[in-house]
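Dear colleague,

Please find below the structure that I am handing over to you. My notes on it come after the display.

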Amino acid sequence: MALTDLYAKIGPAGVVLIAVAIVSLFVSVKHLLYLIWMEIDFKKFFARVELGEVNLEKALPTRNPLRRIVTEVAVHHQYHSPDLRSEVSYLFYRYFNKIKAGMAVLRLISVISPLLGLMGTVLGIMKVFKVIGDSGGGTIAQSDLALGIGEAMYTTVMGLVITIPVLALLYTIRLKVSGFQVMMMEYSYRVIGAMNATCPYGKKKS
């Protein structure tokens, strides 16, 4: 199908929807792969920490937010607030800004996609009325009517087809991030407990 034929079917709103679909696919795949890598890398790292193979004071900086949170808790917790839960929540908010920005983009796409589909529907119906008005009561070419009605239907379907998987991906990423927050609390307590027991990861709080 030629690009001109495609444009005739979906109109300007459909073109925007295709661009939105490409952006949503890129953002969702990028963030899901990043989260999967983050978890695998962190579990390998923490296994080495528990074996005493890693000096946490020398482990910073790191590109993995999960590793950075636990490392900062282990190294700096004794100098900060005694409320470990609040400290982990703050660090989680600080180092997951990029992920949350991506989630905001997906949320925005899930809202505007059906609206763009509705806009395409309105534009298609306007095209049909224009054809009817230009005919002056004469014979109307069925192909002209079909183009307008087709544009109205195509964009509506495109908006829904984009919104449904984007919402599914958004909630998948959100659940993964929420699980990481709980996991960070568990691992942070384990690190602090190990510090208090044998002090291999940092200095005890005086």
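The following paragraphs set out what was found.

This is a predicted model, in which local features need pLDDT of at least 70 and side-chain atom pairs count only at pLDDT 80 or more, while totals for chains, interfaces and linings use all residues. Residues are numbered from 1 along each chain as its sequence is written, and side-chain values use heavy atoms, with hydrogens and water left out.

Overall fold

The protein chain contains five helices and zero strands, in the order α-α-α-α-α from the N terminus. Here helices (H or I, at least four residues) and strands (E, at least two) are DSSP runs, numbered from the N terminus. Of its 206 residues, 40% count as buried; buried means under 20% relative accessible area, exposed over 50%, and partly exposed in between, with a 1.4 Å probe and protein chains only. Among contacts (heavy atoms within 4.5 Å) between residues at least 6 apart in sequence, 74% join residues at least 24 apart.

Salt bridges

The structure holds five salt bridges, each defined as a side-chain nitrogen of Lys or Arg within 4 Å of a carboxyl oxygen of Asp or Glu. One of them joins E39 and K43 at 3.2 Å, N to O. These two residues are four apart in helix α1, and therefore separated by about one helical turn. E39 is buried, at 19% relative accessible area, whereas K43 is partly exposed, at 41%. E39, K43 and K176 are linked in a network of salt bridges.

In helix α2 (residues 65–76), R68 and E72 are likewise four residues apart, about one helical turn. Their side chains meet in a salt bridge of 3.3 Å, N to O, and both residues are buried.

E186 and R190, in helix α5 (residues 142–198), are also four residues apart and form a salt bridge of 3.7 Å, N to O. E186 is partly exposed at 44% relative accessibility, and R190 is partly exposed at 34%.

Surroundings of D41

D41 lies in helix α1 (residues 3–50) and counts as buried because its relative accessibility is 19%. Leaving aside residues up to four places away in sequence, D41 touches N64 and R67. The side chains of D41 and R67 are joined by a polar contact of 3.2 Å; such a contact is a pair of N or O atoms within 3.5 Å, where, within protein, one must be able to donate a hydrogen and the other to accept it, and residues adjacent in sequence count only if both atoms are side-chain atoms.

Yours sincerely
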